[in-house]
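Please open the structure in your viewer and keep the sequence panel beside it, so that each selection below can be followed in both.

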Amino acid sequence: MTTLTFKELGLSDDILTALEKKGFEQPSPIQLETIPMLLANTHDLIGHAQTGTGKTAAFGLPILESLDPTSGPIQALVLTPTRELTIQVSDELHSLKGKKNLTITPVYGGQSIMNQKKQLKKRNDIIVGTPGRLIDHLKSKNLDLSHIKYLVLDEADEMLNSGFIEDIELILSKTNADRRTLLFSATMPKPILSLANRYMGDYKTINIKKETLATTLTEQIYFEVRESDKLEALCRIIDVEAEFYGLIFCRTKRDVDRITEKLIHRGYAAEAMHGDLSQFQRERVLGKFRKKICSILVVTDVASRGLD
Ligand code: ADP
């Protein structure tokens, strides 16, 4: 199967260099759909996609591409449900911007408000933050969002679940109407759609489905590979099977999480299982595996004990 390259999606050399440095080989499905659309026209966007599909680069690359380093006001705002996600998204954007002189600032609760205030007085091109803390800054007039080009609502359903919907509306009301709004969510409950209908312009919807594979096949083979080639080799092994369905054993919990994450963002239906999961979570994961909603279970040997 051939797929377009990042270059063919219309990204500039600076950004391509940054992508190469990060080791991104080819765009993920959501990136393939989102990047050209965001670069080409001015529609708003709803992205219906799960975590780990590469959303950050999907919205981040076109935004980074289209912003100019100026000393003017804040140009983009990314809202996320949690402090962890704020840090993760802001780090990811930072690593994707390459040499482009753009300032990306994370703003979240738990950090000194005075230090944030100081930082907000300086030049900031992109703000990534959680709704609660951003509202504090809006109320004390530390933050001016009236000239933004982009507003991103990341994991909108999680923000809804955390009770942030009114905060989001308040923040939206403090932004300029001619901004471009991008909303990403794994689920599309009514309040999200009604938010979109009230606050978004003419929008396009992109749906990214999770791949599902099926049926069993077991054999014993070993491969000698270099440590650095292990992930590639693993993916090749999975790919050559018409219907891969199986377990991947790792030595540590960290390895389980790392491998699962890598597999998921490459588009594989993988789930992690290790000692940190509660009994309930364990049952849930096993249920998905039995029903073949997920076809790859990444486990530590401890966690897999008692598996039938
Ligand atoms: P999401 O926001 O959908 O949860 P992220 O954007 O955080 O997912 O991406 C998950 C991980 O995949 C990150 O570590 C990111 O650097 C990586 N990633 C994203 N797109 C690609 C790609 N095209 N190639 C390789 N890695 C990617």
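A residue is called buried here if its relative accessible area is under 20%. The model you are looking at is a predicted one.

With that cut-off in mind, select strand S1, residues 44-48: four of its five residues are buried, so S1 is largely enclosed by the rest of the structure. S7 runs parallel to S1 and is joined to it by five bridges, and Asp44 is found opposite Tyr203 of S7. Strand S6, residues 180-185, is also parallel to S1, with four bridges between the two, and here His48 stands opposite Ser185.

Now widen the selection to the open sheet, whose seven strands are arranged in the order S3-S4-S2-S5-S6-S1-S7, with parallel pairing. Which strands stand at the edges? They are S3 (104-107) and S7 (203-207), each of which has a single partner strand, so that one side of each is left without a neighbour in the sheet. Averaged over this sheet, and with direction ignored, neighbouring strands are turned by 15° against each other.

Then move to strand S8, residues 246-250, and show its side chains. In a regular strand, side chains alternate between the two faces of the sheet. In S8, the covered face consists of Gly246, Ile248 and Cys250, whereas Leu247 and Phe249 make up the uncovered one.

Finally, select the ligand and the residues around it. Of these 17 residues, the nearest are Gln26, Gln31, Gly52, Glu92 and His265. By class, the shell comprises three nonpolar, eleven polar and three charged residues, and helix H3 (55-66) and helix H4 (83-96) each contribute at least two residues to it.

One nitrogen atom of the ligand lies 2.8 Å from a polar backbone atom of Gln26, and a ligand nitrogen is 2.7 Å from a side-chain N or O atom of Gln31. For Thr56, the distance from a side-chain N or O atom to an oxygen atom of the ligand is 3.0 Å. The ligand taken alone exposes 560 Å², of which the protein buries 85%.

Note on methods: Residues are numbered from 1 along each chain as its sequence is written. This is a predicted model: local features need pLDDT of at least 70, side-chain atom pairs count only at pLDDT 80 or more; totals for chains, interfaces and linings use all residues. Side-chain values use heavy atoms; hydrogens and water are left out. A residue is near a molecule or strand if one of its heavy atoms lies within 4 Å of it. A polar contact is a pair of N or O atoms within 3.5 Å; within protein, one must be able to donate a hydrogen and the other to accept it, and residues adjacent in sequence count only if both atoms are side-chain atoms. Accessible areas come from the Shrake-Rupley method with a 1.4 Å probe; for residues, only the protein chains shown count as cover. Ala, Val, Leu, Ile, Met, Phe, Trp, Tyr, Cys and Pro count as nonpolar, Asp, Glu, Lys and Arg as charged, and the others, Gly among them, as polar. Buried means under 20% relative accessible area, exposed over 50%, partly exposed in between (1.4 Å probe, protein chains only). Two strands pair if DSSP finds at least two bridges between them. Axes are lines fitted to C-alpha atoms, for helices over the stretch in contact, and angles run from 0 to 180 degrees between N-to-C directions.
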